[in-house]
Amino acid sequence: MASDPDPEPQPDPQTPAITDPLTNEFATLNDLAHDLDSLNELACRGSWRSILDKVARARALSFLRKPHEHLTYLAFHVIALSKLRRFADASAELDTLDDLDAAHYLYQTYPNLYPTRSGSMVPFSLRWLHALLPIKLGNRQLGLDRFYALLDFVRSKLELKKDGISGNIWKKREGFVINSIIGHHLTNKEFSVCLNLIHFLLTSDPSNPILISKLGYIQMQIGDLESAKSSFNRVESMVETESEVELKNLVNRNKAMVYMVGKDYVSAVREYEECIERDPMDVVAINNKAICLMYLRDLPDSIKVLESALERVPTVALNETLVVNLCSMYELAYVNHSDIKRTLSNWIARVAPDDFDSSCTRI
């Protein structure tokens, strides 16, 4: 929810120094906005309906006294609506802001309230949602146009803030926006655009194993298996024996993907099992191991893998993709699959966060 900084003016010896909102430290989140720590905790738990109630109450009781507090709460409100797939409501709420770069969203417009702060008080999450929501509402081109405009905005900030904490944050935001754009182009199989964007990211971070792996996955999707193997081999050569578990598992998952393309599901299962042994919460490995077992016509074991994961680590394993796969396996394995899926759906209703799409059980 950090704010977007404008260039820092030169300090006047007679006035307080102006601080960059991105580098301004607060003792607690509540120092930034009313009861913000509670909102953040609800978001981490996936209690999006409670967030809607809390925002409505804060507005009704006039707890929000400063402009930036209204924007911060609006950001949580729009995020909660989006998480609950109420995209039209989220878009309507966001449209009330009109121009995100208007002067009345700048700290320096209110010198009496913010004597030492300068820059935009619009949370970056609102700018990202401004681009995302049209896509969710079926207007892909408008959404992509806004994502590219957001990328230009981020890069304009990078030109002004190349170093320090603020510069690092804007650099991360650039990567975040580019990866969002890549995801939308991948959905439409626009692979050449994806490759260009990945190569751009690699120019500034050539030794990033996650980026190189993503390059390999794209190469695999366009049928360039040799280049994909080369990318995955680069990742493996970078990961040392003392590397963290996630990087080691990345290497195994890359190998498993190559095996799956070659329909060597037994070898793929072996790679995924190694991942799960290191990290029992590696939900990607768990899901893909189950799929490989299904392709090997071992439905009982594939079902057992997913059911066991849901029982052991429900907060990690409970996602729509895994549940869709489990329900597909039920349909293949059992005549009375509707009853079994209904039992699963009832369990999900008790433990899932508010934004879980229960329709994935296909009851």
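These questions and answers walk through a predicted model of one protein.

Trainee: How many helices and how many strands are there in the protein?
Mentor: The C-alpha atoms fill a box of roughly 75 × 45 × 40 Å along the principal axes. Contacts between residues 24 or more positions apart account for 56% of those with a separation of 6 or more. The secondary structure count is 17 helices and zero strands.

Trainee: What percentage of the residues in the protein is buried?
Mentor: Buried means under 20% relative accessible area. The protein has 363 residues, and the buried share of them is 45%.

Trainee: How are α1 and α3 oriented to each other?
Mentor: Helix α1 spans residues 36–45 and helix α3 spans residues 67–83; their axes come within 12 Å and cross at roughly 15 degrees. Angles under 35 degrees count as roughly parallel. Therefore α1 and α3 are roughly parallel.

Trainee: Which residues of α1 and α3 make the contact?
Mentor: The crossing of these two helices, α1 and α3, is left-handed. On the α1 side, the contact uses Leu-36, Leu-39, Asn-40 and Ala-43. On the α3 side, it uses Thr-72, Tyr-73 and Phe-76.

Trainee: How are α8 and α9 oriented to each other?
Mentor: Helix α8 (residues 191–204) packs on helix α9 (residues 209–221) with axes 10 Å apart and an angle of about 160 degrees. Angles over 145 degrees count as roughly antiparallel. So α8 and α9 are roughly antiparallel.

Trainee: Which residues of α8 and α9 meet?
Mentor: The crossing of α8 past α9 is left-handed. From α8 come Phe-191, Cys-194, Leu-195, Ile-198, His-199, Leu-201 and Leu-202. From α9 come Leu-211, Ile-212, Lys-214, Leu-215, Ile-218, Gln-219 and Gln-221.

Trainee: What kind of aromatic pair do Trp-128 and Phe-147 form?
Mentor: The structure holds nine aromatic pairs. In the one formed by Trp-128 and Phe-147, the ring centres are 6.4 Å apart and the planes are at 70 degrees. Planes over 60 degrees apart count as edge-to-face. The Trp-128 and Phe-147 pair is therefore edge-to-face.

Trainee: Which helices does that pair link?
Mentor: Trp-128 and Phe-147 are 19 residues apart, in distant parts of the chain. Trp-128 belongs to residues 124–136 and Phe-147 to residues 140–160. Those stretches are helix α5 and helix α6.

Trainee: Which residue lies over the face of Tyr-107?
Mentor: Tyr-107 is in a cluster with Tyr-110 and Tyr-114, linked by ring pairs. A side chain lies over the Tyr-107 face at 4.4 Å from the ring centre. That residue is Arg-117.

Trainee: Which charged residue sits over the ring of Trp-170?
Mentor: Trp-170 is in helix α7 (residues 164–187). Its relative accessibility is 0%, so Trp-170 counts as buried. A charged end sits 4.6 Å from the centre of its ring, and that end belongs to Arg-173.

Trainee: Which residues outside its sequence neighbours is Leu-97 in contact with?
Mentor: Leu-97 lies in the loop between α4 (87–95) and α5. At 6% relative accessibility, Leu-97 counts as buried. Leaving aside neighbours within four places in sequence, its contacts are Leu-71, Leu-74, Tyr-105 and Leu-126.

Trainee: Which residues outside its sequence neighbours is Asn-252 in contact with?
Mentor: Asn-252 is found in helix α11 (residues 245–261). Its relative accessibility is 4%, so Asn-252 counts as buried. Beyond four places in sequence, the contacts of Asn-252 are Glu-271, Glu-274, Cys-275 and Arg-278.

Trainee: What is the phi of Arg-85?
Mentor: Most residues other than glycine have a negative phi. Arg-85 lies in the loop between α3 and α4. It counts as partly exposed at 36% relative accessibility. Arg-85 is not a glycine, yet its phi is positive, at about 60 degrees.

Trainee: Is Arg-297 buried or exposed?
Mentor: Arg-297 lies in the loop between α13 (283–295) and α14 (299–312). Arg-297 has a positive phi of about 65 degrees, although not a glycine. Its relative accessible area is 79%, so Arg-297 is exposed.

How values were computed. Residues numbered from 1 in each chain as written. Predicted model: local features only at pLDDT ≥ 70, side-chain atom pairs only at ≥ 80, totals over all residues. Heavy atoms only, no water. Phe/Tyr/Trp six-rings, centres within 6.5 Å; stacked < 30°, edge-to-face > 60°. Helix = DSSP H or I, 4+ residues; strand = E, 2+ residues; numbered from the N terminus. Lys NZ or Arg CZ within 6 Å of the ring centre and 35° of its normal. Axes fitted to C-alpha atoms, helices over the stretch in contact; angles between N-to-C directions. Parallel < 35°, antiparallel > 145°, perpendicular 65-115°, else oblique. Left-handed = near helix turned anticlockwise from the far one by under 90°. Contact = heavy atoms within 4.5 Å. Buried < 20%, exposed > 50% of the residue type's maximum accessible area, 1.4 Å probe, protein only.
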